[in-house]
Amino acid sequence: MGRGAYSAVFVLAITALAAIATVASGNQPLLGLDLQGGVSVVLQPTSEADDEALDQTLEIIRTRVDSLGVAEPEISRQDQTIVVDLPGVEQQQRALELVGQTAELRFRPVLFELGPPATFDPELDPDAIDGESTDGESTDDVEADTTDTTVVDDAEGTGDGDEESLGVIAGRSGAALAQQDDSDADADADADADAETTDTTVADDAEADADTTDTTVGADTGDGVGDSIEDLLPPEESSTLDPDQLAVLTACSAGEVTPAEEDLADQPVLLVDRAGSRLCLGPTLLTGDSLETARVDLDLAGQWTVNPVFRSGADGIDRFNQAAQSCYIAAPDPNVCPSGRLAIVLDHVVVSAPAIQVPTFGRDQIVISGAFEEEEARDLAAVLRFGALPVELETQQARTVSATIGDDVLRAGVIAGLIGLALVAVYLLAYYKLAGLVALGGLVISAVLLWAIIAWFGSNLGLALTLAGVVGLIVSVGVSADSNIVYFENVKDAYRQGKRVSTSVERAYQSAISTIVKADVVSLIAAVLLYFLTVGAVRGFAFYLGLATLLDLFISWLFMRPALNFLAQRQAVIDDPRLLGLPANGGDGE
């Protein structure tokens, strides 16, 4: 067996392994919008927007789309427009409304924290609420362990890596800090034997920190929501709950995260922060409309901080100060914010939930700290900045493609491909006889490898096959046929010069492969230029045309010559070269 024969066996083995692996793994091509139906939306800002704002808007839309459960959506920016393709989405109207909706940033009081779902009983156990968990561990200790960093300055809390959703809000000015100290002193004077629970200025006293965090689960501070949280019981065991307490019970006692469609601004909700912990949040106290901007800075200790700046007046800093007074951790309002923490919520996700360490603030003297990494700080600042000033989008174009139309398009594309392949096969077999079988064999190998590659891309990289891609694949059939025709015609020329069939096959390949490579390189250049200089469906056409062209080079280089040489050495072909599509005269020489 010659070296060429080994290369043909190698190609056949690769093809067989690719087919087996694709079937065994269950990989299937991911169909695009035009082949399976769905929604396509083109959004444009109502006014000029910078790149940073558009990129943040793109990520917000991506998060929303993920909540729809759409398999591999395509979301991209094209200059000032955002294009969203959602293949296979069933609730098309909801998708259109959700994608185009302007983001709303909400500030909600944290009523209490339930922790990660895996570590908390979904049915709030009355024993656990009263201070004993089901495994005998005191819930006060558990809460102290998980939330002490929310009320301690960063001197002790900077080493924890799970504080992404935590932090502290403190004033930048010395006057504000002095006011905090005065408030702490007043709170200490009025408190009973457990006065340590409101001492938030001592970072080194671990015991005081643990006591302080009792406020996150609702200390017994009087009437209202604080009492209802601490004494939370199933409805049948407590018939004296007022409507607000019942709302909290309904929203949080089941331990189930509030669905996005039920996340109403004026109702308590149970949401998850970025660390995976569930927080029971009260009704919205203010929205991002009160914010003007937000900056990232380094404090004197070299820690990253976020500095939001609020608007002036009643709808800006005054509204935030009302929330701050209710959530001031030294003396939280038990009816509004018993934990002393104010959650920052964007699109149904708790971005941060810092503790409030000062009751009143200047509009530009607010500091959010919490052992942030630089990237975390910048992300939070971006959320505040673009949540407060979101890019208002308008729908420039929206279209829906039903699943039925998608199926019809797919069926038409497959039929067109099969008809084209059949016509090419008839021509090759009629004109080149057995040599046409080599060309068809190459096309079959190319089709199997393309199927395996496209299925792998769809299952692992989310690359969708669109109608334009199908067109590119159909065009590639002509590219592959051309390569074979170039080779076969060179074999004919060599045979007319008096060479034997086997010699003609070998010598013709040397000149033919050079022509094939040059032609395929031209096709690749065109495909690359189309891919990088165009957008939308044309890129799909270019990608699959380029992929098929690369496979044609692979097959032409390793399969075409040994396969044709195998046929040329058959006795029937030696006796009658016309079986290989060669002319009747010639072939008497070497």
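Buried means under 20% relative accessible area, exposed over 50%, and partly exposed in between, with a 1.4 Å probe and protein chains only. Helices (H or I, at least four residues) and strands (E, at least two) are DSSP runs, numbered from the N terminus.

Beyond its neighbours within four places in sequence, Leu564 is in contact (heavy atoms within 4.5 Å) with Ala435, Val438, Tyr487, Phe488, Val491, Val505 and Leu580.

## Basis of the description

The model is predicted: local features need pLDDT of at least 70 and side-chain atom pairs count only at pLDDT 80 or more, while totals for chains, interfaces and linings use all residues. Residues are numbered from 1 along each chain as its sequence is written, and side-chain values use heavy atoms, with hydrogens and water left out.

## Ser476 in helix H16

Ser476 is found in helix H16 and counts as buried, because its relative accessibility is 6%. Its side chain reaches the backbone oxygen of Leu473 at 2.4 Å. Leaving aside neighbours within four places in sequence, Ser476 is in contact with Leu545 and Ala548.

## The disulfide

The count comes to 1 disulfide, defined as a pair of cysteine sulfur atoms within 2.5 Å. This disulfide joins Cys327 to Cys337, with an S to S distance of 2.4 Å. The link is right-handed, with 110° about the S-S bond. Cys327 is in helix H12 (residues 317-327), and Cys337 is in the loop between H12 and strand E12 (342-346). Cys327 is buried, at a relative accessible area of 0%, and Cys337 is buried, also at 0%.

## An antiparallel sheet

An open sheet is formed by 4 strands in the order E3-E4-E2-E16, with antiparallel pairing. Strands pair if DSSP finds at least two bridges between them. Strand E3 (74-78) and strand E16 (393-401) stand at the edges with a single partner strand each, so one side of each has no neighbour in the sheet.

E3 is joined by 5 bridges to strand E4 (residues 81-87), and the two run antiparallel. Ile75 stands opposite Val84 in E4.

Definitions and conventions: A polar contact is a pair of N or O atoms within 3.5 Å; within protein, one must be able to donate a hydrogen and the other to accept it, and residues adjacent in sequence count only if both atoms are side-chain atoms.
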